[in-house]
Amino acid sequence: MGNRESGANGYEFSCKRCGNCCRHAGEVRLTVADVDAIAALLEIDARTCADRYTRLRGDRCGVSLRDREDGVCIFFEDDPAACRIHAAKPFQCRSFPVAWR
């Protein structure tokens with residue numbers, strides 16, 4: 001059902017695609033490559049993608065994904081629980097929680 005991933009120190013995680021990680025408070029920091037991949041998936045230009053779906057990070061050193069009014073990731077769909085940009089997930093999302101341990 002889930003994707004098995006391995007991280008440092010032998011830590012393993014099996015993604016259940018429940019969306020709980022999309023509901024965590026915090027910033028999803030984006031690289032230029034992340035914005036480009038999301039824009040390509042959504043079939044819009046990178047500037048439009050950045051204007052619609054990103055915000056200046058708290059440290060003012062880049063951009064992060066915007067949140068919905070309820071604090072959940074802007075690309076998270078509730079029913080069924082799914083990421084609208086799963087095929088172009090930002091690196092930070094793809095590496096959660098393996099690289100975060």
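Reply: At 3.2 Å from the backbone oxygen of Gln-92 sits the side chain of Ser-95. That is a polar contact: N or O atoms within 3.5 Å, one able to donate a hydrogen and the other to accept it within protein, with sequence neighbours counting only if both atoms are side-chain atoms. The model is predicted: local features need pLDDT of at least 70 and side-chain atom pairs 80 or more, while totals for chains, interfaces and linings use all residues. Residues are numbered from 1 along each chain as its sequence is written, and side-chain values use heavy atoms, leaving out hydrogens and water.

Ser-95 belongs to the segment that follows helix H3 (91-94). Helices (H or I, at least four residues) and strands (E, at least two) are DSSP runs numbered from the N terminus. Ser-95 has a relative accessible area of 9%, so Ser-95 counts as buried (under 20%; over 50% is exposed, in between is partly exposed, with a 1.4 Å probe and protein chains only).

H3 also takes part in the largest pocket: H3, strand E2 (12-14) and strand E7 (82-83) each give its lining at least two residues. A pocket is an open set of points on a 1 Å grid over the protein atoms alone, where a 1.4 Å probe fits, with protein on both sides within 12 Å along at least five of seven lines; lining residues have an atom within 4 Å of a point. The largest pocket holds about 380 Å³ of space, the volume filled by probe spheres set on points joined across faces, edges and corners. It is lined by 22 residues, and Phe-13, Cys-15, Arg-17, Cys-21 and Lys-89 are the closest to its centre. By class, 11 of the lining residues are nonpolar, 6 polar and 5 charged (nonpolar: Ala, Val, Leu, Ile, Met, Phe, Trp, Tyr, Cys, Pro; charged: Asp, Glu, Lys, Arg; polar: the others, Gly among them).

The second largest pocket has about 320 Å³ of space. Among its 23 lining residues, Cys-21, Cys-22, His-24, Val-28 and Cys-93 are the closest to its centre. This lining has 15 nonpolar, 4 polar and 4 charged residues.

Another polar contact, of 2.9 Å, joins the side chains of Arg-57 and Asp-59. Arg-57 stands in the loop between strand E4 (54-56) and E5. With a relative accessible area of 12%, Arg-57 is buried.

Next come the rings. The model has 1 aromatic pair. The centres of Tyr-53 and Phe-75 are 4.8 Å apart and the planes are at 45°, so the pair is tilted (centres of Phe, Tyr or six-membered Trp rings within 6.5 Å; under 30 degrees is stacked, over 60 edge-to-face, the rest tilted). Tyr-53 lies in helix H2 (46-53) and Phe-75 in the loop between strand E5 (63-65) and strand E6 (76-77), 22 residues apart. Tyr-53 is buried at 15% relative accessible area, and Phe-75 is buried at 1%.

Of its 101 residues, 28% are buried.
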